[in-house]
Amino acid sequence: MGEFDVVVLGGGPAGAHAALAAASAGLNVALFDENPSAGGQVYRAPIGGTRAASSADQQAGDVLRRELAASTVTTFFAHPVWAVTGDYRVDATGPNGPVHCTARALIVASGTTERVVPFEGWTTPGVIGLAAATILLKSQGVLPGRSTLVAGCGPLLAAVAAKTIEGGGKVEAIVDLASTADWARTLPAMLARPDLLRQGFNWWRTISHARTPRYARHTIIRVESADDRLRATLAPCDAAGRPLSGQRTTVLADCIAVGHGLTPATEITRLLRAKHRYSRAAGGWIAIADQDGRTSRPLLYVAGDGAGIAGAAAAATHGALAGLACALDLGATNPMRLTRSIGPARSAHRHATRFGHAMSGLMALRPGHVESITPATIVCRCEDVTRAEIDAACDAGAHDINQLKAWTRCGMGPCQGRTCGDITGELLMRRMGAASRETVGCFSARTPLRPVTVEALTGDFTYDEIPIPKAAPL
Amino acid sequence: MSTPGQTVHGPFDVTVVGGGVMGCTTALFLARGGMRVALIERDSLCRAASGVNAGTLTLHMTRAALVPYAIRAWQMWMESEQWLGSSVLATAAPGLSLAFTETERDLLRARAAARREYGAQIDLLERDAALAVEPGLNPAMLEAAFCQTDGFASAYLTGRAFHAALRAAGVQIFEQSPATRIDHTNGHYRVHGPESQGASLRIDATRLVMAGGVWLEPLLAMLDIRIPVKTLVNQLIVTERMPPVMRTVLSIANGLLSMKQFANGTVLIGGGWQGVGDRARGPVETIPQNLTGNLRLAQHVIPALAKARVARIWLGLEAETADAMPMIGALPGLPDAWVIGCVHSGYTSGPYMGKLLAQTMLGATPELPLFDPARLIAVAPELPQREQTQ
């Protein structure tokens, strides 16, 4: 369909800034995203764009969207990408059917998947992710419930609770794996971004005005239906997220928004067989890359949280850096100017990551939390695979995560293990007594990257147009 | 016997190199026949062709001369809980092979007749009779070949089942261990595994079975035997769970489609459309027009599939000899060394082939003849690479 110098996959802050940087260096750039407009999760636009920007995030998103609209970047929004091949052909489905294009270089800015460490009843309807709650609040202006229990860890706790309250909803409580001291330790890094620090303070002020109880160093151990509501049981926990014996608290709510951090979405770089490593601090498996986002594969770049969790501010600077690096590598015009720009871009990025790394520290996977998953708890929600089944397969000799997948169907469903992969790998590693997640590996990436209907791929055809190969031998 | 840094295992009565369905079945029946068996596998058991194939247990796709073997193997799969000890969800279902054009109808009739010669109970059905068997079929179909001996298994469960059975039979399994060298000295075969952290794996045995699938060519070269093995890169597609849209195993006359719906509602679409890959890199990626072609064919056969959502696409490697017939038997010029592999529709026939080889090695006369590998020895010592990647 089209040939571009660069295709950028993902229109969040990393992808948008990568596209802008590459385009302003004179490259012919295309940008794909499954969402209807740019911004990603943090700078997500309201659907229809009718409501006025109400927050700093939305205003920043509007600036980004205007810059993109004024640039030479060809955008494909509402286009989920379902395949990327080694010759950098990108296949997507869109409102007007399938599209594909090719590129000399690819910048992957695919963001993250929210992690939920399973607990009894986490698949009950009404239990949603913190990130899902932010989509409802930002995109649709809809409250997740009349009353909501907000649980998990990291800055999304405060963001979801404050926006729910601002939207007229009730937050029953905030259940935070971190202690107040854990938050206080991030303060020096937060001072690097006074604007974000102020935003955080505003959230907490809203929360304390509403007199929302906060359970620090607590975790949800069970959710069950109670008439038309949900009953959550909370337990105090240690620093590793392990529930402690002692007092149990129950809270009733219509909705439970829970998230235990973010994991980088690496399906595309894994599909393209770039080299990866496991980094607990970065959120999970990440493509091995240099400071400008160059992966082990020529002309394949990663940027933003998909390259390792560092937050939206750092994603923007990382994206700009990857866009510049890509332009330099492709031999764009004016290399002198680009080379001069890369130094300042690197230092801007280093500055931006301080805040993000402090936040990702709060969201890292806690080993005791994973250990405390009970045997009957479902880990793979697509295929209803429990922890007990995973443990049994491991004991029977499944010592590689893809072998485990074949033995149990864990990770074989429509999400392709995006939801359960991090937890499954951790459970397998611990059960085997292995020292690192590299020992058990990670799920193989497969197309389609997002489920796609047969008819979207087949289109209109007649039988005699099908290029049937020669018959198999008799 | 051990030198520092070396771990020598054995001596065993036999080392099986390759843990696919044929290597595993051979190892299982040899162990049950009283031999001490070691099995060395480059990945995990049954994670290559034996674990990622379409699981079709059919005579419609089997080469005519292999039909007698496939019928016996089909029975083994259906009774796998008896001899294997656990289920691979083998399910009997009628198989229909379809013709949509006059040319395909001629092909269908000729192929059905050829397979009938070898004992396959295949009947031809007119359109309406076929639609009565499978109401979801595209009524544009002209004729179908019907066979009751058909069905499918969930191939991904094969490794789990053999793992348990082999362990119970006392087979020593070495996974994640590609064979790197094979020496034959003092009446022993010594198989060398990978070097890791200064240590290395050595397995000694008096007998050797080479069961390495598409890797048989380089493995046999370690024994100075040159047999070209072609690598097919077969594409497979599975949908999300969906309401019932078919109840038979479907194929078309020329063999380029296989399709069935599992009990969990997913539909698996295969048929040997090619992707990119080779034995050095493994499966790499699909070819877009082959993906579209395979799906169009599937949708043409069962129109309700248009609304299905594709959940996952993958590729599996299949081994083929120069004459597309198996090599199963004693390796020429070497004492007590055997090969098994390259069986067309190998998952269907695999367990029976392994059982036959084990019978032979245990001194019995096999129920059906083996397939002498000597016919395949390459004349020229250096052959061009025959990898297929188109």
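This is a predicted model: local features need pLDDT of at least 70, side-chain atom pairs count only at pLDDT 80 or more; totals for chains, interfaces and linings use all residues.
Residues are numbered from 1 along each chain as its sequence is written, chains are lettered from A and ligands numbered from 1 in the order in which they are written, and side-chain values use heavy atoms, with hydrogens and water left out.

Let's take chain A. Its secondary structure comes to 16 helices and 22 strands; these are DSSP runs, H or I of at least four residues for helices and E of at least two for strands, numbered from the N terminus. A compact globule of 474 residues would have a radius of gyration near 23 Å, and chain A agrees, with 23 Å. That radius is taken over C-alpha atoms, and the globule rule is 2.2 Å times the number of residues to the power 0.38. The C-alpha atoms fill a box of roughly 65 × 65 × 45 Å along the principal axes. Of the 474 residues, 59% count as buried, meaning under 20% relative accessible area with a 1.4 Å probe, protein chains only.

On to chain B, which has ten helices and 20 strands. Here the globule rule for 390 residues gives a radius near 21 Å, and the chain has 21 Å, which agrees. Its C-alpha box, again along the principal axes, is roughly 70 × 45 × 40 Å, and buried residues make up 63% of the 390.

Now let's zoom in on strand β14 of chain B, residues 258–261. Are its faces covered or open? Both are covered: Ser258(B) and Lys260(B) on one side, and Met259(B) and Gln261(B) on the other, are all buried.

And what does β14(B) pair with? One partner is β13(B), residues 249–252, antiparallel over two bridges; pairing here requires at least two DSSP bridges between the strands. Met259(B) is the bridge partner of Leu250(B). Five residues lie between β13(B) and β14(B) in this hairpin, and Gly255(B) in the turn has a positive phi of about 85°.

Another partner is β15(B), residues 267–270, also antiparallel, over four bridges. There, Lys260(B) has Leu268(B) as its bridge partner. This hairpin has five residues between its strands too, with Gly265(B) in the turn at a positive phi of about 95°.

Definitions and conventions
Buried means under 20% relative accessible area, exposed over 50%, partly exposed in between (1.4 Å probe, protein chains only).
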